[in-house]
Every structure is written in C-alpha cells, then in structure tokens.
Amino acid sequence: MNAIISLCHFCEVHGPKILFCTQTLRPQEPGDSEGDENGAVSAAPRERVASLSERLKSVSLAQGCASTTGESTSTTNIASASHASVPKVIPKVLCEGCKSVKTGYVSHDEEAHLSYISTQQPHIPQIFTRMRQACIRSLSCEVCPGQEGPIFYGDDQNGNVLSHTFHIPDIQARGRQRLYSIVVFMMDRIYLLNSWPFLVPQLQTTIEILRKKAQKVMDEEVDKMPQAVNRTSSLEPRNFLKKKGVNNKPARSLEELTGDKDIFKMLHVAFVWTLKACGSRLTETLLEGPPTEDSIIDMENQEETEEGFIKINTKKILEEARPSSTPAEDLQSPTSQSDSYHNTFRKVPLTDTETEAEGAAASEPIPEEEKPPIRILRHVMKMLGNEKFRILTQHVVIGDQIIVCCPDKDLVRSFFNALKVLLPRGCCSIIYHSDFYEESWKCNFLGQKPDTVLPDHLVSAERFLLVEIVPLSEQTFNSLDSDLSDMDEDFKSYEFRIINPVPLSERMPTVLAKMHLALRNENLTEKVAEQFFVCLKEEWMNKVKVLFKFTKAGGGRSEDETLKLLQVVGAREEDKPLLKFWMTGLSVQYRTHILASSKQR
Amino acid sequence: MSYGDDENGGFAVAGSFPKGFGYGPDDTETEQPADSPEDKPRILLMGLRRSGKSSIQKVVFHKVSPNETLFLESTNKIVKDDISNSSFVQFQVWDIPGQIDFFDPTFDSDMIFGGCGALIFVIDAQDDYIEALARLQMAVTRAYKINPNIKFEVFIHKVDGLSDDNKIETQRDIHQRSTDDLAEAGMETVHLSFHLTSIYDHSIFEAFSKVVQKLIPQLPTLENLLNILISNSGIEKAFLFDVMSKIYIATDSSPVDMQCYELCCDMIDVVMDMSSIYGARDDGAFDGNSSSIIKLNTNNVLYMREVNRHLALVCILREDSFDRQGLIDYNFMCFKKAIQQVFDVRKQVASTNNSDGRAAMATSHNLLHHNGSVEGAAS
C-alpha cells in the first residue's frame, strides 16, 4: 500500500512531533532480492540496506538490535550496515519523549519485492514536510469528538490523512496522560476511506496494546509511591512550588512509559503488517469504459487476420493493381477466404489508427520527398475550400461512393486516410487504387486513374461523387514539401473538381455539422478534434444501434413509430440517410447479438 | 522550540474548521459563524508552556478551583472560549499552546491575529523569564505588524509565590527588559501594560477586567454613569460586574482598592451560591430583580443590585448613607434605565460607536436631572 503510517506525539516541551514512521519502499533496481530468507542477511539486501541507511537522516548507530522475523519479512537493523557513511548531523536536541529509534528498522518482503522501513522521520524532504503537517494537524488542529478516536482530513494537494488520537497514561505528565496519535497518510483519498473499516480496528488494537502496557507501568508506579496519587491532600501551592523543580525533568520516552524496550520493534511489525494487509485487501483496477464500436470492429478484423488465411504483404499489394474480381465485402460472412483477403486491405489503415491524425501518411512507407501534403482533415478542408468540402463530406457521411481520379497514388491515399475519420470504421472500405471501376457495394472510397471510364449504369443511377485532382503545373511538384509553413502553397498546386450528379439535401446531417464546427474551431488541437470525432461517432453509432434494434427486432414498424423514435434519439430528417448508411458499419458481434435476441422473441 | 522552518505549504489553520466540531467538552459552543470581528474581539492568551494560560482561562471563565489547575493537561490546540453573556461583554478567549509557534508560515497568522483585540502574554514569574521575554518581544513585533490595533498586556503570573518586595522587583525588571527589547526592535510606540497576577487571589480577575474594559467602547459612558450614581447616592465605590466571570466591566473613577474588589467578588460568590441552592429555578434564581444587602461590622454595607441576568451593580457604602435606601433604589432604577438605553443604542447602531457615545451622554444628563430633584426633595 502506498501509505505512510506514523506515530506522533504532542511533546510537553516541543509540541507536535513525529516519533516513528513506517513507509513502503520500492527498490529501484529489480531482482536484487533473491535469497535471503529467515532473516539471514545476504549480500544484495545488505547493499540495499546500506544505500537506505545513507539516505536516512537519523544519525547515530544503534547498538546491534536483534532482528525480529515476521512471516515473510525479515527485520534487520539498518545500523548493522551503516557505518561512518552517515554524516554526523544532529538536527535538534530532542528530549527523551520525542525520540524513538536512532536509525530505524527495515523489513523486506521478498515476494512483493518491497521494503518497509521505519525511521523516526521520513528521510525524503517532501514527504517529511507533508508528514509534519499531517502530524501538527492531527495533534493540534483537528478536533475529534471525545478527544480520542479516528478522524479523516486532508486534500489532494497535501495528502489525505486518517488520524487516530489517543492518550497514554503517564503519572509524571501534566494531566497524568500524554497525547499521541497514529497517522495514516495517503495521497489516494478513495483508497484511504475505503480502507477505513480495516485500518481503524487495526490501529485500535495497536493503541490498546500500548495503553495496557502503560497502564500496567503506571499502576506499578502508583504502588511504589502512593503519595503521588493523592497529591490533592498535600496540595498547597507552596508544596507544588517546591516540587516543581523535580517535576520539570524531561518527558519520558514511550519505551519507559510502556516498560517495553522493544516497543518500537513491535510497532514496526504492527505497522508493516497493517501496510501489507491493507495493500492486499484492496487492489486497484483501472476500469475502462466499454470498447467503442470502432475498436470492436478493429478487434474483429484482428481476429480474422489472426485466424489468418493468407499473410499478405499488404502494402505491396496496395501499391500494385488489385485482382480484378475481388469478392464482395460482406461483414456478415467473415469466414470466406476471399473476404479475409479483402479485410487485409482494410487492415492497412486500421493498423496505423493511432497515428492517424498526426501523420497517417507519414507512417506509410512513402519516400520522404514524395510525402503528400494531406495529413489531417483540416488540410483537406483548406485545399477544397468550404463549399466543396461541405459537399464532399456530406457525400462521405451518407455513404455515397467517392471516386477520386488522380495520377498521384500517394495523394489519393492520404486523401482517403484523412476522410476516413468522418466515418465509423465499419463503414469505410477503401480501395486506394484500382485500374477499373469498382462497384459501390465493394468500396465507398475508390481511387482511380484519371482516364478511367465510369460505367453507364453508374452515371445514370448510382449515387456517387467524382473528384478529379488535377495538378496545375509541373514545377509545383518539385517544390512539394510537407512543411506546414508552405502547406498553403502546396494546396494551390492542385485543382479539385467535383462532379456530383446527385443533388444533396439542403441541410447537413447533425453530426457532420458538429464535425465542421470542430474543424473550423482553431482552438481545438488536432488531438482534441480527433477525440471529439471519436465521441461524436460513438454517440451516433449508439443511435444507429437503437435504430437497428428497432427495425430488426420489432418486425413491421409504421412510419409514425419510426419518426417518433428518431425524435427521441434526437435525429432529424436530414440524418436519415446517414443513420441508414452507418447501420452497415455495425460490428458483426452486435448484429449477431441483436438478430439472435430478436429471433428468440 | 519552534518548528516548521522548512514547511512551505500552508494548511488550514486551527481556527478554520467547521464550527460544528466544537472545542471539547468545556466549550460553550455558542459561536455564530456570522460574527464579525468587531462584534466579538478576540483575547489571545500567549506565553511559554506551563506559564499558566489554561489555568487562567479555566479559573476565570469556568470557575475551576485554582488547586485543580495542577491537573490540567498540556494544551495541544487552540482552545476557544466564547464569552457573550451581555451586550457589553462579548469576546472570545483563545488559549494558544505555548509549544506551537503560530507565527510560522504554516499557520494563517493573519487569521489568528487579524481580528484580535488584545494579546495577553503570560510570564511565569517563578521561572527564569529570560526566554519568555524573548518570546514576548517576538510575539509583540509580529502581531503588531499584522494588526497594529492590538492591545498588548503582560501578565506577570504566579506571583503568589513571591514576597511583596520580590513582586515589585520582578515587575520592574520585566518592565525594563521588555521595553528595552521593544525599543531595540524599533517598536517604541507599542505600549505594554503590566499586571501582577495569580490565580490564588483576585488579582487575575482584576487584571482580566482591565483587559476587557479596554475592549468595551462604551466604557467612558458607563464610568460617567457610575460617577453620577455614587455622587448622588452617597456610595463609596461601585462596580458593574459581569456576574459569571466576576470581571468588572466598569467602575467609577475613584481608585480601585484591591480589598474592596475582593469583597465584592466574594459577595457575588455568596449570592450566586445561595441563589443556586435555594433558588426556585434550577439555573439559580439570579435575574434582573435580585438584590442583596450585606452589613459588615466595619460599619460598611455591601449592596448588590441586578442590572440584568448577566450584569450586577455592587456598591460599598457607609452604613449611615444606607439609611436612605429608597433614594439609592430610585437612583439605581435611573441608572438601570440609562444602561438599558445604552444597550438599545448599541443594538440600533452597532457599527458606529460615535453615535453610541452621544446617545449615552444624553441619558446620563437625564439621570442627573432626576437625581438632583429627588435629592433636593429628600434633604
């Protein structure tokens, strides 16, 4: 557990002081903890002990303290390994009551590769500062109802503290008792509060032991000198004054109070056990949200290739002409060999999704000098201008086939890679380059040579958008350079002609409008915009799912019902084609799940 | 002694946590969060450890017997006492542990000393006070920087163990050294008041009275009223007491004789004890109509009249002056009315002390007129 447990004391002379402090220490170098069981100190831990002790602030050498052995931990006195290396600096003259151990104790947990060290004060200055604040607050600021008991306080900046204050009887002290507290310090508030039910009984057990011992000592002292008890009878101010000189001797140490020389050893063992047990009581797991639709599709594709029929060097094939007759891409029949073939094509852009926004094109094996200027969607927007960009993207999101005619294959590739972020992963099938026309059910992004003839039926019936990218002049090619500074120059070297036979609806789909806003907002960095896109897509994919379930599971639905549903999910008329298209991009997993569950009905 | 040389991050200071927590069993817990500093001036008790701060607080405000203070634990946090018995006497007493240096950047010293009316520095006269003087000088200079309006009071405490000569010598020595120290620090303008105190006699109450009086803006008005009262009623000495703490919040302008004060304190104790034993109510039958007369064999009479539940007027007068008790009673009624008017003015314009004073002066003239006519009729 990443916590520090310490014993604090309100000293009659010096105020709040940290007496004893146990913390976990993770060794920097792994694998130095082999061997060494049963408390026999082998070479490696000894070194560690030595390095520890050098960092310790407490100075003088302990007189060879017998090592206690815990279950899986071995306690050794640090002093055994720390000679002369420690500089002789005594920070402050402390009274007996403020002193605990001169150097400290260390325990090694061989299984977990952890060390627990106990010293008077934490030796790392930052920790020391915080601990001291925690200590002062525990004893002198925070008020616990009933003066004894556990309280919690703290903040994320200074750390969170569970503090248990208690009194230990001392016949010589003012008020016949002295104030102590055990402080559990942790940066993680949730963890600490969740450990409360465990920690508080633990601390109370320890406190009870201390108190019982001290009570016993006090009872003995009372027996020895009964006049100390009924001081009230002899309580004349004069008597008190005479006594004062005697009474003024420094406060007694905890060892003396409890009559146990090994009290700090006991505390060490108790604290170490508490730390270890509390740590294994709760383990933290990072809970991630459910995977996005895109990542499910990624996973499905991943599996398909790993089942993998043919491992193809995809990049090569992409550069070359594809086989003319690629079987249909159908997400619902992923087992056919040809389909996996196809999927490998899709996999190329998928594998570099991480770097998509930053430089999808850059990660492609394209020679440096030919690096195309398009890397993110904003570039496309700049190149096309707002109006053309609007038309293009609107066609993209409703699933119209985008045919790009361009002699420069790399440019087409980067163009598609940039546009890809507009669509859910399941919806985009890209053929970067083909000599022939490919049917729109095979791909919605198609790269072609400029002179490819479109079949008649397409021109007459299909929804598609033809983009011709024509380089303006030869010399601009030479100045091609992907530097952002002269990006604008590069954009001007191409002309984009958009031929769209199909008229678009007046209004953009809602999601696209939001995407446009994000793209135009210069305050959003590329990363942020990318994340925003992911969220938008996920949001709309959820609506798509609802719609899918609605249409598939329920059977016949009237127009009215559909309209109502659309209203509920917040979709408008102009979103309909988009929803319809995105439905094709749902993961196989989801489809089969929905279909199966609807069949059961 | 101090700690926190290397502490940088500030954290919530002692006074900043929720009021609901309370300050231990003996706290009055009547703090209202909306209290503005000028409504409740703070009196800070500072000093070295074991100098007797907590004892003073306990004896004066909690009626703890002085002998029992020997068994007090060392104070580990600021202990706040809220004294809001009457409209005049409203302040907080903060007992500050001597072990902790609250000028340390760790603590919000502005918050502690900002709303502070008076700083009482307690010095143990039976101990070696050199260290205490160094602390005094430090506390005064720093607190003055934060809040120049603080009144500084030095209690030379535990003087019951010293002989009379020794007391005078100690006071002189402490006075000399501390003013020298302050002059050295360039703080000649700061005025320190010195009081010899002990919890075993009434000196601590007297000293505390003087401290509290400095925090009462209406003090001149009250003194004036008392002067008028005693001159017209043949009273030798009159005190206006806060009954609970036996602090007198005002007296007439004749010098205070310690024995008179002790007599009056004892009388209050007697009356309070009697009323709590034989009173009809559980909380003691002490209210605005109580009065008590004690005749001493020295031909003196102690006469006590309640002004309200928390304030009482205690007078000492010659037996023969007491023959005309009706006149005294009538004058007292006038006095009571006048005090009531001062309260009302305070309630109306709590913020402006100026108008307070003017209205009170008007009532005192009123009183004088009444007295004159009555006196004339009687003689």
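1. A residue is called buried when its relative accessible area is under 20%. This cut-off is used throughout the note, which concerns a predicted model. By this criterion B:F113, at 0% relative accessibility, is buried.

2. Chain B as a whole provides the setting for that residue. Nine helices and eleven strands are found in chain B. Of its 379 residues, 54% are buried. When contacts in chain B with a separation of 6 or more are considered, 68% of them are between residues 24 or more positions apart.

3. Aromatic rings deserve attention next. A pair of aromatic rings is described by two quantities, the distance of the centres and the angle of the planes. Over all chains, a search of the whole structure finds 20 aromatic pairs. One of them is formed by B:F103 and B:F113, which are stacked, with 4.5 Å from centre to centre and 10 degrees between the planes. This pair links distant parts of the chain: B:F103 belongs to the loop between strand 3 (91-95) and helix 2 (109-114) of chain B, while B:F113 is in helix 2, ten residues apart from it. B:F103 has a relative accessible area of 9% and is therefore buried.

4. A second pair has another geometry. Are B:Y248 and B:Y261 stacked or edge-to-face? The ring centres of B:Y248 and B:Y261 are 5.1 Å apart and the planes stand at 65 degrees, so the pair is edge-to-face. Distant parts of the chain are again linked, since B:Y248 lies in strand 8 (residues 247-251) and B:Y261 in helix 7 (residues 258-278) of chain B, 13 residues apart. B:Y248 counts as buried at 1% relative accessibility, and B:Y261 is buried with a relative accessible area of 0%.

5. Chain A contains a cluster in which ring pairs link A:F415, A:F416, A:Y432 and A:F445. A:R413 lies over the face of one of these rings, that of A:Y432, at 4.9 Å from the ring centre. In chain B, B:R42 is placed over the face of B:W94, at 4.3 Å from the ring centre.

6. A:S138 is located in helix 2 (residues 125-141) of chain A. Its relative accessible area is 1%, so A:S138 is buried. Which side chain makes a polar contact with the side chain of A:S138? The partner is the side chain of A:S181, at 2.8 Å. With neighbours within four places in sequence left aside, A:S138 is in contact with A:Y153, A:S163, A:T165, A:S181 and A:V183.

7. A:D408 occupies the loop between strand 9 (401-405) and helix 13 (409-419) of chain A. A:D408 has 17% relative accessibility and thus counts as buried. Along the chain, A:D408 and A:I469 are 61 residues apart, yet their C-alpha atoms are separated by 8.7 Å.

8. Finally, the cysteines. How many disulfides does the structure hold over all chains? There are zero.

Terms used:
Residues are numbered from 1 along each chain as its sequence is written. Chains are lettered from A and ligands numbered from 1 in the order in which they are written. This is a predicted model: local features need pLDDT of at least 70, side-chain atom pairs count only at pLDDT 80 or more; totals for chains, interfaces and linings use all residues. Side-chain values use heavy atoms; hydrogens and water are left out. Rings of Phe, Tyr and Trp (its six-membered ring) pair if their centres lie within 6.5 Å; planes under 30 degrees apart count as stacked, over 60 as edge-to-face and the rest as tilted. Helices (H or I, at least four residues) and strands (E, at least two) are DSSP runs, numbered from the N terminus. Buried means under 20% relative accessible area, exposed over 50%, partly exposed in between (1.4 Å probe, protein chains only). A charge sits over a ring if NZ of Lys or CZ of Arg is within 6 Å of the ring centre and within 35 degrees of the ring normal. A polar contact is a pair of N or O atoms within 3.5 Å; within protein, one must be able to donate a hydrogen and the other to accept it, and residues adjacent in sequence count only if both atoms are side-chain atoms. Contact means heavy atoms within 4.5 Å. A disulfide is a pair of cysteine sulfur atoms within 2.5 Å.
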